[in-house]
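Subject: Structure for you to look at

Hello,

Here is the structure we talked about handing over. Please open it beside this message and follow along.

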Amino acid sequence: MRDILKMTAIEVGEAIRKGEITSVEATSALLDAIEAADSEINAYITVCREAALEQAKKVQKLIESGELSGPLAGVPIAIKDNICTKGVKTSCASKILGDFKPPYDATVITRLEEAGMVVVGKLNMDEFAMGSTTETSFYGATKNPWDKNKVPGGSSGGAAAAVAAGEAFCALGSDTGGSIRQPASYCGVTGFKPTYGTVSRYGLIAYASSLDQIGPVARDVRDCAAIMDIIKGKDCMDGTSIELEEQNESYLQMLSGDVSKLRVALPKECFGEGVDDEVRSSVLLMAEELKKQGAEVTEISLPFIKYVIPTYYIMATAEASSNLSRFDGVKYGFRATEYDGLRDLYEATRSEGFGEEVKKRILLGTFVLSSGYYDAYYKKALQVKSIIKEQFDSIFEQYDVIICPTAPATAPTIGESLSDSLKMYLSDIFTVSPNIAGLPALSVPCGFDRSGMPIGAQIIGPRLGERNVLGAGYAYQQVTDFHKRNAAERSETK
Amino acid sequence: MTWETVMGLEVHVELATKSKIFCSCTTEFGGEANTHCCPICTGMPGTLPVLNEKVLEFALKAGIALNCDITRYNKFDRKNYFYPDLPKAYQISQLYFPFAKNGKVEITTKSGEKKTIGIHEIHMEEDAGKLIHSPFGDATYADYNRCGVPLIEIVSEPDFRGSDEVIAYLEQVKSTLEYLGVSDCKMQEGSMRADVNLSVRPVGSKEFGTRTEMKNINSFKAIEHAIEFETKRQIELLESGGRVVQQTRRWDDNKSKSYAMRSKENAQDYRYFPEPDIPPISVSEERLAALKAEQPELAGPKKLRYIEQFGLSDYHASIITLNKNIARIFEQTAELCGEPKEVCNWIIGNAMYLINERSMELGDVSLSPRVFAEFIKAITSGKINKSVGKTLFEVIFDSDDSFDIDKYIADNQLAVIDDDGAIYEVVQAIISANPQSVEQYKEGKTKVMAFFVGQCMRQLKGKANPDKVNKIIVEELAKQ
Amino acid sequence: MKITKETVSYVAELSRIKLGEEQTERMLGELSEIIDYMDILSGVDTEGVEPLSHVFSINNVVREDEVKPSYNRTILIENAPEHTEQSVVVPKTVE
């Protein structure tokens with residue numbers, strides 16, 4: 001039999017349904033792989049060995065009795081540590097949450113469990129999802145499985161690294177400004193940020209509520225689609241979640257591989273200065289490939305792109321400064337040991353409990369909302385957001401998808417990025433726009449640079465344009481094998 | 001110099017929904033600490049608010065009845081500040097797009113003139129929790145039961161010039177919201193609270209003085225006292241060459257004094273911004289029209305109807321209609337017994353006395369119209385007299401609907417003594433027992449009549465008709 | 001917009017974050033750089049543009065006014081660093 005660990009999630013599900021393996025075997029094999037590799041990669045904050053095996057046993061019975069028959073029933077999945085799991089420590093990779101164990105599950109967790117998926121553990125991330133490298137975690141940096149001196153990207157670095165390292169078949173991440181797509185790109189895996197509102201945010205510890213979306217990180221587009229089928233859809237606990245018209249349709253079943261007539265736009269600003277040559281050429285080759293399959297590829301302009309970073313950081317930090325105020329040492333998590341009175345309790349706890357990057361963003365967010373600056377920054381950003389959204393709307397009147405690099409360069413070396421915040425923020429230039437405009441966006445592996453590090457291409461669609469976005473990625477993966485390359489093997493041979 | 005007080009009011013009213021504004025916990029008052037809570041109202045990470053449709057409905061009803069323009073599009077905002085009674089460290093409120101604006105309330109001032117008080121805006125928001133301070137150590141305990149109880153905040157224009165206007169306005173607002181059934185407006189339980197913004201200026205001046213805000217005032221009396229105190233404080237300050245500092249002051253009702261809150265708490269920068277977790281609210285013309293059509297008869301129109309239909313005086317009709325419950329008791333009783341004026345007199349003369357004496361909420365009066373109507377019939381038919389009636393009213397005031405008034409009268413022998421023979425007997429006995437008084441009477445000291453009547457009525461346990469007793473005494477004395 | 005050390009201290013105070021002298025200096029440097037960069041937005045003509053807070057126009061998402069059982073109190077407060085059987089505890093908020 002094939003090595004379980006090299007299978008995609010759908011293949012594992014198939015093998016379980018056919019009785020070739022059991023959910024317990026798959027879970028157990030994965031747990032062993034985590035144990036073997038994670039001391040080096042550090043993709044996990046918490047591994048739930050006993051609970052996972054217990055759950056796998058239960059699920060296996062339901063599969064055998066025919067009560068569970070979905071494509072991913074019995075398949076193990078790992079969860080970013082900002083998604084609440086009942087009774088299981090949920091830390092946001094921050095000291096300030098301490099050993100917080102939520103007394104509730106996020107809606108996505110409930111849905112995964114109803115579909116028979118088995119949660120194996122909680123994944124490392126940048127503290128409160130604020131970062132592009134997974135270096136700001138209180139639990140130590142995660143390494144890129146392709147080169148352990150490099151960062152895996154962030155903030156869902158644990159998710160991308162785990163999938164790339166064979167420590168997870170698939171994972172849930174969260175994406176506020178590229179936090180699923182950019183690490184997927186750096187780690188050579190597939191990551192998808194859905195249309196805002198498609199997936200319930202209930203139980204996702206908020207960074208920036210108007211930008212956050214939960215999405216899948218997996219080995220290919222089919223797995224992402226299958227996970228989306230489970231987690232998508234209106235949730236009465238999240239007022240911003242939306243009723244999907246094609247609610248009963250399956251993203252997985254909509255994947256046709258046919259991109260003929262697909263109208264693809266290539267924004268020239270995303271292939272110019274500041275983008276690595278190898279990244280540029282790999283992404284352009286991808287566009288070529290789609291063209292070969294019948295897509296119409298046209299160069300366009302995104303004149304607003306220079307405004308997206310400031311707009312994004314104003315919105316994100318403003319909301320974050322408010323969302324993170326509840327961490328004050330009173331109701332849960334860490335409390336400073338020495339303080340004098342209430343105010344000092346707040347200040348001591350927050351000063352000791354938050355890392356530097358988080359503090360910086362809280363200060364920035366507080367600044368842009370504070371009296372005298374609101375109009376110049378926050379209000380202005382919301383106005384520019386309106387313009388950005390309109391411009392996207394008009395582009396998508398003529399095109400089905402936009403293709404551009406996920407990140408301007410491949411993964412940087414550990415320790416290189418944090419010294420210059422602004423530079424790090426600027427590297428989010430291609431990923432933040434879909435969050436600002438609420439659009440679906442996918443990152444698929446599309447090549448390697450000369451040092452063998454993966455390159456990712458991003459496919460952006462209009463609101464609820466999941467079908468074309470996933471469809472384009474799927475068509476591309478039908479004819480390429482970048483997503484099948486194995487980090488573990490490559491890393492060994494190096 | 002003569003000074004003029006200028007005031008504006010911020011009135012917080014808890015809406016009478018069953019569940020909280022953003023989660024499904026009960027809004028019930030009281031309960032053991034933290035037993036009406038869930039992860040949402042205690043601000044646990046990852047939880048999200050979803051608006052209770054009844055909150056919106058009640059708020060819109062209030063806005064319409066207070067003559068506001070209802071904004072077709074309203075939104076929630078976050079008001080950020082750290083305090084242990086606010087577990088999310090932000091209050092979900094409305095700043096940029098409140099649901100109602102430009103309302104007005106008509107009041108009658110002390111001098112009997114009509115005056116219009118403007119309402120600047122009304123917005124929806126969530127209540128905060130309560131803090132309980134340890135009497136011993138350095139500890140405060142947070143009770144989150146009240147967190148997320150829905151509120152509307154009614155912000156008036158600075159149109160008040162005296163505490164009588166403030167009270168009249170509050171009574172009017174309370175009355176309206178009670179009629180709508182959107183709040184029980186109980187000041188004692190904190191379901192209606194007022195903050196007073198107050199400044200003084202020389203009479204005739206067009207400019208406003210520096211204002212202070214007084215919080216934590218929870219009764220009409222306390223509001224009157226607080227206004228008096230603060231007006232005096234500001235005038236004295238200005239007359240002695242000082243200046244008023246803009247600040248928030250806490251009213252301590254026990255000490256009848258207000259205190260400035262510490263300056264650090266005064267440095268407020270709430271960093272309001274649109275609440276991303278709650279989509280905007282749009283209110284259609286159809287919905288507005290439907291809500292308007294549903295609006296019950298409020299105090300104003302009801303008063304006019306009572307004057308017309310029941311022949312009450314303007315003054316009496318105002319008192320009777322101010323509270324929904326009292327008006328209901330009045331109207332149902334009047335219809336049952338057909339004696340509206342009598343019913344009105346008993347409510348104003350006796351029920352109001354008991355309510356004040358017991359510091360009851362008008363809404364809590366549970367007097368049964370059926371029992372009350374039978375009581376009125378017993379009075380008007382002469383079955384019992386007024387003085388017995390006064391005592392009996394206290395009994396029916398506390399009784400329930402099953403109370404059998406005839407049986408009670410019979411059991412306690414309260415019926416008027418119709419038997420003249422019995423009265424003659426008592427009168428004759430009293431006269432023969434008091435020969436000196438009889439002498440005095442004969443000497444022309446008619447004052448002793450009162451003595452005889454009193455003695456006789458006492459003997460008769462008040463159950464005889466005093467006029468009749470009077471007549472028989474005169475008759476008997478003449479025989480002496 | 002130029003920001004000063006006072007701005008940083010004020011913002012830190014509002015955020016309930018303590019900054020030492022040296023940290024304030026460093027944050028001033030880093031925040032200044034970022035805020036300077038953000039100022040390119042002032043070049044966008046936003047005259048007459050409504051600020052867009054919610055990206056999609058979904059309105060009136062409400063739930064029924066229905067009471068559901070509250071949580072067990074112990075479960076809600078046991079995550080707190082300091083609590084009694086009934087409540088979380090903070091230093092006294094009044095003198």
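Please keep in mind that this is a predicted model.

Start with helix H11 of chain A, residues 341–353. At 1.5 Å a residue, its 13 residues should span 18 Å, and the end C-alpha atoms are 17 Å apart, which agrees. Among the buried residues of H11(A) are Leu342(A), Leu345(A), Tyr346(A) and Arg350(A). The buried residues of this helix pack against helix H12 (356–369) of chain A, and also against helix H1 (5–14) and strand E2 (88–90) of chain C.

About 5,300 Å² is buried between the two chains, 70% of it on carbon and sulfur atoms. In chain C, Arg16(C), Leu41(C) and Phe56(C) lose the most area to chain A, together 13% of what that side buries. The contact involves 51 residues of chain C and 68 residues of chain A. The rule finds 5 salt bridges across this interface. Arg26(C) forms a salt bridge with Glu356(A), with the closest N and O atoms 2.9 Å apart. Helix H2(C) gives the largest share of the side of chain C that touches chain A, 10 residues.

Next, Ser91(A), which sits in the loop between strand E2 (76–80) and helix H4 (107–114) of chain A. Is Ser91(A) buried or exposed? Its relative accessibility is 0%, so Ser91(A) counts as buried. Its side chain makes a polar contact with the side chain of Asp81(A), at 2.6 Å.

Last, chain B is divided into domain 1 (3–288), domain 2 (297–411) and domain 3 (420–479). The C-alpha centres of domain 1 and domain 3 of chain B lie 63 Å apart.

Regards

Key
Residues are numbered from 1 along each chain as its sequence is written. Chains are lettered from A and ligands numbered from 1 in the order in which they are written. This is a predicted model: local features need pLDDT of at least 70, side-chain atom pairs count only at pLDDT 80 or more; totals for chains, interfaces and linings use all residues. Side-chain values use heavy atoms; hydrogens and water are left out. Helices (H or I, at least four residues) and strands (E, at least two) are DSSP runs, numbered from the N terminus. The expected span of a helix is 1.5 Å times one less than its number of residues. Buried means under 20% relative accessible area, exposed over 50%, partly exposed in between (1.4 Å probe, protein chains only). Contact means heavy atoms within 4.5 Å. A polar contact is a pair of N or O atoms within 3.5 Å; within protein, one must be able to donate a hydrogen and the other to accept it, and residues adjacent in sequence count only if both atoms are side-chain atoms. Domain bounds come from an automatic or database domain assignment. Buried area is the accessible area (1.4 Å probe) that two parts lose on being put together, summed over both. A salt bridge is a side-chain nitrogen of Lys or Arg within 4 Å of a carboxyl oxygen of Asp or Glu.
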